[in-house]
Amino acid sequence: MEKSGTQLIAEITEAVKKCGEIMKNADRSEANIEQKAGHANFVTAYDKLIQKTIQGLLYEILPEAVFVGEEEDVHAQIEKGYSFIVDPIDGTTNFIKDLKQSAISVALLKDGKQYIGVCYNPYLDEVFTAEKGCGAFLNGQPIHVSNSPLEQAIVGFGTSPYNPERWDKTFEMVKDYMAKALDVRRMGSAVIDLCNVACGRYEIFFEMQLSPWDYAAASLVVKEAGGIVTMLDGETPLTFDKPCSVFARNMD
Ligand code: 2AM
Ligand code: CA
C-alpha cells in the first residue's frame with residue numbers, strides 16, 4: 001500500500017532530525033572546506049556526509065524515488081514519478097562560521113510537482129513541514145504567513161554571492177525596500193528565510209538566483225502557509241529542474 005503524506009512527513013522528519021545531530025555536533029576543525037566554482041561557494045566534508053546519510057535514509061522511506069542533491073555530480077530526471085530534492089546543509093557559509101543558522105531541506109516531488117516539504121534547523125530544533133493542499137506546520141503546530149503590510153514588513157534577501165553580476169540589482173532592491181519597509185535582513189540560508197516568511201517572522205524574501213534544492217521544500221511551506229512564491233517578475237512559477245529567482249511574500 002502506498003504511504004500517506006502524513007506518514008511520509010513523519011518518516012522524513014525522523015531522517016532530517018538524525019542528520020541534524022551530525023550538523024550540530026560537527027567538529028569544524030575537521031570540516032575540510034573546499035571552494036566550489038564562484039565567489040563564497042563552499043562545500044565541507046559535512047555537506048557530503050549529511051547528503052550521503054540522508055540519501056540512505058530517504059531510500060529506505062521511498063526506494064522508488066530518484067534523488068537530486070546539491071552535492072551530487074549527476075542530476076536525475078524529475079518529471080516522472082517521485083523525486084527527492086535535497087540540500088544537506090543550506091547555509092554552508094553560516095555552518096563554516098558557526099553562526100547556527102543552517103538547515104537541512106528535503107522536498108518530495110510527484111511527477112515534477114511539489115508534494116511534500118520538510119525543512120529542519122537543528123540549532124533551534126525547528127521542523128517546518130507541508131503537504132500540498134494540507135497546510136503548513138512548525139513542530140506540528142499550524143503556521144500562517146503574517147498579515148502585516150509593507151510598512152511593517154521585515155524583508156529578507158539573499159545576495160546570490162556566486163553571481164557578482166546580480167549584486168547591483170540586488171542592493172538597489174534592498175535600498176528600495178529599506179525606504180518602504182520596516183527593515184531588511186540577510187540571514188545566509190534561503191531555506192530559513194523562506195520558513196521565516198511561512199511562520200510570519202518575515203513578510204518578504206527575495207534572491208535573484210537560487211538552485212532548486214534551496215527552495216523546493218521551503219517554497220511549498222510558504223504556499224501552504226498562505227503565502228505567494230514566484231520568480232521575481234511576480235508571476236512565473238518556480239522551476240525545479242534548473243535555477244531561478246525567488247520572490248516570496250505574505251500578500252501581493
Ligand atoms: P548553500 O549554503 O546551500 O550553498 C545564500 O545567498 C543562499 O544561496 C544559501 O541558501 C546558499 O545555499 C545559496 N547558494 C550558495 N551557493 C549557491 C550556488 N552556487 N547556487 C545556488 N545557490 C547557492
Ligand atoms: Ca543551499
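Helix α4 of this predicted model buries T170, M173, V174 and Y177 (buried: under 20% relative accessible area; exposed: over 50%; partly exposed in between; 1.4 Å probe, protein chains only). Viewed down the axis, these residues fall within an arc of 100°, so they line one face of the helix; the arc is taken from the directions from the helix axis to the C-beta atoms. The face turned away from the buried side carries exposed D168, E172, K175 and A179. Cover for the buried residues includes β10 (154–157), β11 (183–185), β12 (204–210) and β14 (244–249), with contact meaning heavy atoms within 4.5 Å. Helices (H or I, at least four residues) and strands (E, at least two) are DSSP runs, numbered from the N terminus.

Six aromatic pairs occur in the structure. Rings of Phe, Tyr and Trp (its six-membered ring) pair if their centres lie within 6.5 Å; planes under 30 degrees apart count as stacked, over 60 as edge-to-face and the rest as tilted. Y177 and F206 form a tilted pair, 5.8 Å centre to centre with 40° between the planes. This pair links helix α4 to strand β12, 29 residues apart. Y177 counts as buried at 13% relative accessibility; F206 does so at 0%. F157, F171, Y177 and F206 form one aromatic cluster.

Residues are numbered from 1 along each chain as written, and chains are lettered from A and ligands numbered from 1 in written order. Local features need pLDDT of at least 70 and side-chain atom pairs 80 or more, while totals for chains, interfaces and linings use all residues; side-chain values use heavy atoms, without hydrogens and water.
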